[in-house]
Amino acid sequence: MNAPLNLPAAPVGARHTVLVVEDDASIRTLLSSALTAAGYAVMSAGTGQEAMFEAGSRRPDLIVLDVMLPDTDGFRVIRDLRAQGVYTPVLFLTARADVEDRIIGLSSGGDDYVTKPFHVQEILLRIRAILRRSNTPPAETGGRPLLRYADLTLDEDSHEVFRADRPLKLSPTEFRLLA
């Protein structure tokens, strides 16, 4: 948990929102401060229940998730989020370093897994890489990410569908089925 020398900035023009879920207040504050300094909007939670509420209602672009939380574990949180249709990318950040824990974390839907102690700059770089790979647009440009397949684009917030950049007119039922 070393202080970074050079904080990698969020991509220019982007303001992604990151939810930091960590029961240790000092680590939560450190991560929140570093993310804010790097240009991210930050939300935080200290329990699994708070994480579920924040992720479900405010839809961050990425979640940094501790495994050992006071009311549940991060593996359960991600499984519950996925069951509710929340597919926000997740970076596990935990003291649990066993290979079995890494396998469980990545198998349950995690996108990356970092063990404590950690270096803040590494976390920021991994966050940037996950967001780049997931092609997640910033929350301020529409909330949930656009769903894309080939030349088809579906915007869950506005209920618009485009094929080859041309709008398609769908009924609510057709939209739900397509989504």
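Contact here means that heavy atoms lie within 4.5 Å. The model is a predicted one.

Reader: Which residues does Asp-101 touch, not counting residues up to four places away in sequence?

Author: Asp-101 is part of helix 4. Its relative accessibility is 9%, and buried means under 20%, so Asp-101 counts as buried. Leaving aside residues up to four places away in sequence, the residues that Asp-101 touches are Phe-75, Arg-96 and Tyr-113.

Reader: On which side or sides of helix 3 do its buried residues lie, and what arc do they cover?

Author: The buried residues of helix 3, which spans residues 74-83, are Gly-74, Phe-75, Val-77, Ile-78, Leu-81 and Arg-82. They lie on the same side of helix 3, because the arc they cover around the axis is only 160°.

Reader: Which elements are included in what covers the buried residues of helix 3?

Author: Both helices and strands take part in this cover. The helices include helix 2 (48-58) and helix 4 (99-107). The strands include strand 3 (62-65), strand 4 (90-94) and strand 5 (112-115).

Reader: At the start of helix 3, which backbone nitrogen does a side-chain oxygen of Asp-73 reach?

Author: The oxygen belongs to the side chain of Asp-73, at the start of helix 3. Within 2.8 Å of this oxygen is the backbone nitrogen of Phe-75.

Reader: Is helix 1 parallel or oblique to helix 5?

Author: The axes of helix 1 (residues 25-37) and helix 5 (residues 120-134) come within 11 Å and cross at roughly 60°. That angle makes helix 1, relative to helix 5, oblique.

Note on methods
Residues numbered from 1 in each chain as written. Predicted model: local features only at pLDDT ≥ 70, side-chain atom pairs only at ≥ 80, totals over all residues. Heavy atoms only, no water. Buried < 20%, exposed > 50% of the residue type's maximum accessible area, 1.4 Å probe, protein only. Helix = DSSP H or I, 4+ residues; strand = E, 2+ residues; numbered from the N terminus. Arc of directions from axis to C-beta. Polar contact = N/O pair within 3.5 Å; in protein donor to acceptor, adjacent residues only side chain to side chain. Axes fitted to C-alpha atoms, helices over the stretch in contact; angles between N-to-C directions. Parallel < 35°, antiparallel > 145°, perpendicular 65-115°, else oblique.
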